[in-house]
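Let's take a walk through a protein model and see what touches what. Have a look at the picture first, then read on.

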Number of protein chains: 2
Amino acid sequence: MGKDTKINPACNVVIFLLVPSIIVNIFFILRDHDEINLWDGRWQLSWSRRAAVEAEYVAAISCSGHGKAYLDGSPSLLDGNKSPPCECNTCFGGPDCSQILPGCVVDVDSGNPYFLEPFWTENAESSAVLLSGWHRMGYASSTMVTEELEKHIRELHEIVGNAVTKERFIVFGVGSIQLLSAAIHALSPQNSSSPARVVVSVPYYGTYKSQTDYFESMKFKFGGEASLWKNNSDANNTNLIELVTSPNNPDGQLKKSVLHGPNVKAIYDRVYYWPHFTAIDSAPANEEVMLFSLSKLTGHAGSRFGWAVVKDEEVYQRMLTHVSLNTIGISREAQLRALQLVKVALQGNGKDIFEFGYKTLSNRWEKLNETLSVSSRFSLQKLGAQYCSFFQAVRGPSPGYAWLKCEREEDKDCYAVLEEANIKGRRGSVFGAEERYVRLSLVRSQDDFDLMIHQLNKLVSQEYNPKLILEPGTFVSGS
Amino acid sequence: MGKDTKINPACNVVIFLLVPSIIVNIFFILRDHDEINLWDGRWQLSWSRRAAVEAEYVAAISCSGHGKAYLDGSPSLLDGNKSPPCECNTCFGGPDCSQILPGCVVDVDSGNPYFLEPFWTENAESSAVLLSGWHRMGYASSTMVTEELEKHIRELHEIVGNAVTKERFIVFGVGSIQLLSAAIHALSPQNSSSPARVVVSVPYYGTYKSQTDYFESMKFKFGGEASLWKNNSDANNTNLIELVTSPNNPDGQLKKSVLHGPNVKAIYDRVYYWPHFTAIDSAPANEEVMLFSLSKLTGHAGSRFGWAVVKDEEVYQRMLTHVSLNTIGISREAQLRALQLVKVALQGNGKDIFEFGYKTLSNRWEKLNETLSVSSRFSLQKLGAQYCSFFQAVRGPSPGYAWLKCEREEDKDCYAVLEEANIKGRRGSVFGAEERYVRLSLVRSQDDFDLMIHQLNKLVSQEYNPKLILEPGTFVSGS
């Protein structure tokens, strides 16, 4: 017996093999178990795997933090490259966007809301969406609306407290811009010989005028400055539609309508009324027609998705007809993605995204103010601290745009002054204002903002040292 | 030594354990290896996995082949259900769509192109797309176009031979319907006191009139039947824009413009000019402005994606301006998905999708003709066999719609005749034609088609047995 229980050398080898084999098995089993728990249910991926791997592959292409590669990027055939290339931020170049381009013009013109991009890369898992080939192929139902998305949008307004949506209708549109047009059509008198006048207050978002002028209708035309209609004798016989952006683009002011009366209707463009950009009042906005957009909420301008909150059923029905005849509804892909993004925005009762957005924009505003504080040549709009019912705290300003004024008598063309310093803003005249003003976009990428600050610093230094030459191409990238 | 080499019982147990352990090791390793090879590269999924699993989970919900569950479906909170529910085809119900609804109206009204849905479920892997949270957040570039998508669209036209795209401009739009409006605006005289007239030939797609009427512009108005302008003395002093749908909706005829002259422009709606619906001519279409859509190419109506092929640069520029002012471009999600779908359509040089589409629609057309062949009460449009340069063969017709005529003197309201048999078509008057005509959509789901045939069979039987009562609710589902 004693001899039998003695373990012989061959047996030692077997044991030597068994132990690691069991360890390897335990590793596989634990890893599988872990993988299975990544999302509730035991799922071995099949048809979706290719798309998922492709997306991760493209996401892993390094662009030095100054650009991104996209799934639908055009690989350069000249380079024999099959992967999509890095698409670099303005002023950056090279295959991996690591080079700063000399003599480059800083772009702070459009309101491309890339300031939220880092939030989405941080929330990669929760924000991804997989579209199957058969996802909602048909035209949408009569209302063109994904019910689930509408429900989540109402929930978000409830949590933020920025708009009344109970007992209100919601219409979806291809961005808030389509809904603006839909609302103007809907509020114009249906049977009148004289067109309604679409009026605004300077400074106003320029597309209001260009869109109204372009779609020259029998029902409405652009009527200019709202306040001029106040004491106008024609005002009582004219149907007026006042467009109010609040907070305002370009200057961030919380505007209210100027005109009132039985023949006046107002459309409130509320796309900036989120805690990123402004304090939220304790009383939620409750206007007849309010416009919102994914672009300014989550930063997804490219999705072209907006919604209107509407009190009156007839106006709502007309707006639906408009969207239906104009584009037969809204992309189902955009709606599916919007749903996922709104779900993420709802996480932590909205605190995650709005704190990120607010922190980014208020830092930028402070930095810009600091840069211009020593300047007597340039000034910014005045915005004060306010109590925000969403954050339940007094908070400093965090506007999406700077409304810069050139104070020197001779700097009548402020755009040209900035252009000389290689900064491309947007002319005051686009907003119906004097050319002494320029809008600088603060919602773009960190690169755009940092480069703008760098150039502004040079401009301000020039005030003290007029011999300083503004050399293009001496950018230093911000972190 | 002999004793030492004898394997003792404990050692037997160890060997007994080692062999299966190694087999399990090999299984894990091979499985991993297999998984790694599923898509080129060794990819362990991370952030995209949740979205992929979620999509597969929803796709696996069984709806008995008579419906589908969608990622953005609204779970019924009343049932305490957290999964999205089955959304059943018309006339089917129950939690898994297995019940036929009694007394139900068969819907063959709209052109919802579900006939291609089975193609996409068969091509699940190649057609899936994963959208990251940061995919193309910004407004698009100046032309609002994904270059890679444009390139693939040109390639598809080249392969199919249905349109000249070399040295032509391409504009993207929110469905071809937005581009129709853009083209009308672009072709209208820019500085004329009298609006252009938008003219058509009966029967025409009804939205042409409703859209033109709704967007009552200073630049254009609806001008009715094109042929009436032929000998009209005003015709030479009026700018005319003729809308030509070819193949035509509703009757599938390859139409040509009726009017010619220096003051006449034509917009060709070519959305049905694909081998699914008609033979392709050996000379590719080469009109000034041609409209196409994803809806009729791949069946994705819900994506709202179309494109125009345009000869003249000025017209192209104006159309871009239109899309820009109307909706600031097209959803980036829709563009990404369109790219993936067009890539799949290009597989096998287009043979896969077009053979599938043609087979389905030509079968439906044959079946419908067979059903009505014994009827003297109903007739269909005449369509003959034609040589198709794409299939390089003579092929029978496969139209998207049946243009049904009620032949009996008393059946002046053909829509009502069908309605009584629980078939909902689209009234002839919607197409500017007599009420003696009704359009029946043949591009919808197999269920809709089968139920329609079932009801038509009953209607035709009634001709021989007038006492037969058309009982609603006696449907038998087709396979």
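Which side chain does a polar contact join to that of A:Ser83? The partner is A:Tyr57, and in this predicted model the polar contact between the two side chains spans 3.0 Å.

So where do you find A:Ser83 on the chain? Look in the loop of chain A that runs between β1 (67–69) and β2 (86–88). A:Ser83 counts as buried because its relative accessible area is 17%, and the cut-off for buried is under 20%. If you skip the neighbours within four places in sequence, A:Ser83 is in contact with A:Tyr57, A:Ile61 and A:Pro75.

Now jump to another loop of chain A, the one between β13 (306–310) and α10 (313–327), where A:Asp312 sits. Is A:Asp312 buried or partly exposed? A:Asp312 is partly exposed, with a relative accessible area of 36%. Its side chain reaches the backbone nitrogen of A:Glu314 at 3.2 Å. Leaving out neighbours within four places in sequence, A:Asp312 is in contact with A:Phe169 and A:Glu288. A:Ser132 lies 180 residues away from A:Asp312 along the chain, and the C-alpha atoms of these two are separated by 37 Å.

| Residue | Relative accessible area | Polar contact of its side chain |
|---|---|---|
| A:Ser83 | 17% | side chain of A:Tyr57, 3.0 Å |

Next up is the meeting of the two chains. The size of an interface is often given as the accessible area lost when the parts come together. Between chain A and chain B, the buried area is about 11300 Å², and carbon and sulfur atoms give 58% of it. Chain A brings 115 residues to the contact, and chain B brings 115 residues too.

How many salt bridges are there between chain A and chain B? The count is 6 salt bridges. One of the salt bridges between the chains links B:Arg136 with A:Asp72, whose closest N and O atoms are 2.7 Å apart. On the chain A side, helix α2 (residues 9–38) gives the largest share, 15 residues. Sorted by class, that side has 51 nonpolar, 38 polar and 26 charged residues.

Strand β6 (residues 129–131) of chain A and strand β6 (residues 129–131) of chain B run antiparallel and are joined by 3 bridges. In this pairing, A:Leu130 stands opposite B:Leu130.

Key
Residues are numbered from 1 along each chain as its sequence is written. Chains are lettered from A and ligands numbered from 1 in the order in which they are written. This is a predicted model: local features need pLDDT of at least 70, side-chain atom pairs count only at pLDDT 80 or more; totals for chains, interfaces and linings use all residues. Side-chain values use heavy atoms; hydrogens and water are left out. Helices (H or I, at least four residues) and strands (E, at least two) are DSSP runs, numbered from the N terminus. Buried means under 20% relative accessible area, exposed over 50%, partly exposed in between (1.4 Å probe, protein chains only). A polar contact is a pair of N or O atoms within 3.5 Å; within protein, one must be able to donate a hydrogen and the other to accept it, and residues adjacent in sequence count only if both atoms are side-chain atoms. Contact means heavy atoms within 4.5 Å. Buried area is the accessible area (1.4 Å probe) that two parts lose on being put together, summed over both. A salt bridge is a side-chain nitrogen of Lys or Arg within 4 Å of a carboxyl oxygen of Asp or Glu. Ala, Val, Leu, Ile, Met, Phe, Trp, Tyr, Cys and Pro count as nonpolar, Asp, Glu, Lys and Arg as charged, and the others, Gly among them, as polar. Two strands pair if DSSP finds at least two bridges between them.
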